[in-house]
Amino acid sequence: MDNIDKIALKAVTSIEFLSSKEIIQNRRISLKYSGHFNNYNGNIRYSKNIIQFNLSREWKNVDEDIQIGLLQSLIVKMTKLRSISTSEMKLYESFMKGLSKYAKKHDFDPQLEESYKRINERLFEGNIEKPNLVFASESFHKLGSYEYSTDTIYMSTIFKDLPDSEQKFLDYVMYHELLHKKHTFKIKNGRHQAHTTAFRHDERKFGMLESELNTWLRKKKYSLKRLLGF
Ligand SMILES: [Zn+2]
């Protein structure tokens, strides 16, 4: 047995509830680091004969207990065994939250930077440190996202070069993503919970209805289609 497989075995057997169950019986438990993932991602494959963990290469250099916490989170998510929370899982959670503090800041799109400045002044009293700010692809359903491990906000390109009267829609999504940075997340039953009650409470401070944004999105989609001759 590989040394890294020992990490996997330890992760599985140290969840008390699991070790007594048949989940791990007769299954080969192993762990692989692979270049197929970005950042600190990973997954679990599970069949009659194996439990296979696959983690990004970055994990190789991370403390063993934190890795175990991730593996346990993956198991809990897979088996839907609620209410399991180990000390390693808590370590993993704080590790992921802490990553954004040490991420390199080097990518700032000027238009997004302006939006960030407006929101930071108006709604955070200037207290939110600037994350990386980049445009992603053109999407009408994924408007923006925040990646903790690199401290980066990705914004759909549909918000590029808006007239002044429409900047508020970009600002609204910017605010949402900055709230993710502020609130970080909780892990419950192996899932990341981000849109908590406190998050939604804060979100309303922007003073715009989601329906307003949706109406704008519909118009935008229509005008883009016409532009492209669909
Ligand atoms: Zn969100």
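Predicted model: local features only at pLDDT ≥ 70, side-chain atom pairs only at ≥ 80, totals over all residues.
## The overall picture

Let's start with the whole chain. It has 230 residues, and buried ones make up 47% of them. The fold is built from eight helices and eight strands. If you draw a box around the C-alpha atoms along the principal axes, that box comes out at roughly 60 × 45 × 30 Å.

## A helix with a buried face

Now look at helix α1, which covers residues 3–13. Which of its residues are buried? They are Asp5, Ile7, Ala8, Ala11 and Val12. Looking down the axis of α1, you'd find these buried residues within an arc of 150°, so they line one face of the helix. There is a general rule that helps here. An α-helix has 3.6 residues a turn, so residues three or four places apart point the same way.

## The zinc site

Next comes the metal. Which residues are the protein donors of the zinc ion? They are His176, His180 and His195, and each one uses its NE2 atom. These donors lie 2.0 to 2.1 Å from the zinc ion. Along the chain, they follow the spacing H-x3-H-x14-H. His176 sits in helix α6, while His195 is in the loop between β8 and α7, so the pair ties together parts that are 19 residues apart in sequence.

Leu178 and Pro163 are 15 residues apart along the chain, and their C-alpha atoms are separated by 22 Å.

## Two pockets

The model also has pockets, so let's go through two of them, beginning with the largest. About 610 Å³ of space lies in this one. Its lining is made of 28 residues, and those nearest the centre are Asn41, Tyr92, Met96, Tyr148 and His192. Several elements each supply at least two lining residues: β2 (42–46), α3 (64–79), α4 (87–102), β5 (144–147), α6 (167–183) and β8 (191–193). Which element gives the most? That's α3, with five residues. The lining of the largest pocket also draws on both domains, with at least three residues from each of domain 1 (3–99) and domain 2 (110–228).

The second largest pocket holds about 220 Å³ of space. Among the residues that line it are Leu143, Tyr172, Arg200, Glu203 and Asn214. Two zinc donors turn up in this lining as well, namely His176 and His195. Helices α6, α7 (197–203) and α8 (210–228) each supply at least two of the lining residues. The biggest share comes from α6, with four residues.

## Two loop residues with positive phi

A couple of backbone angles deserve a look too. Glu125 has a positive phi of about 50°, although it is not a glycine. You'll find Glu125 in the loop between α5 (110–124) and β4 (132–135). Is Glu125 buried or exposed? It counts as exposed, at 70% relative accessibility.

Asp161 lies in the loop between β6 (152–155) and α6. With 66% relative accessibility, Asp161 counts as exposed.

Last up is Ile50, which is found in strand β3, residues 50–56. Ile50 is partly exposed, with a relative accessible area of 22%. How far apart are the C-alpha atoms of Ile50 and Met96? They are separated by 27 Å, and the two residues are 46 residues apart along the chain. You have already met Met96, one of the residues nearest the centre of the largest pocket.

Technical notes:
Residues numbered from 1 in each chain as written. Heavy atoms only, no water. 1 Å grid on protein atoms, 1.4 Å probe; cavity = no way out; pocket = protein on both sides within 12 Å on 5 of 7 lines; lining within 4 Å. Points joined across faces, edges and corners; volume = space filled by probe spheres on them. Domains from an automatic or database assignment. Buried < 20%, exposed > 50% of the residue type's maximum accessible area, 1.4 Å probe, protein only. Arc of directions from axis to C-beta. Donors = N, O, S within 2.8 Å, 3.2 Å for Na, K, Ca; no water.
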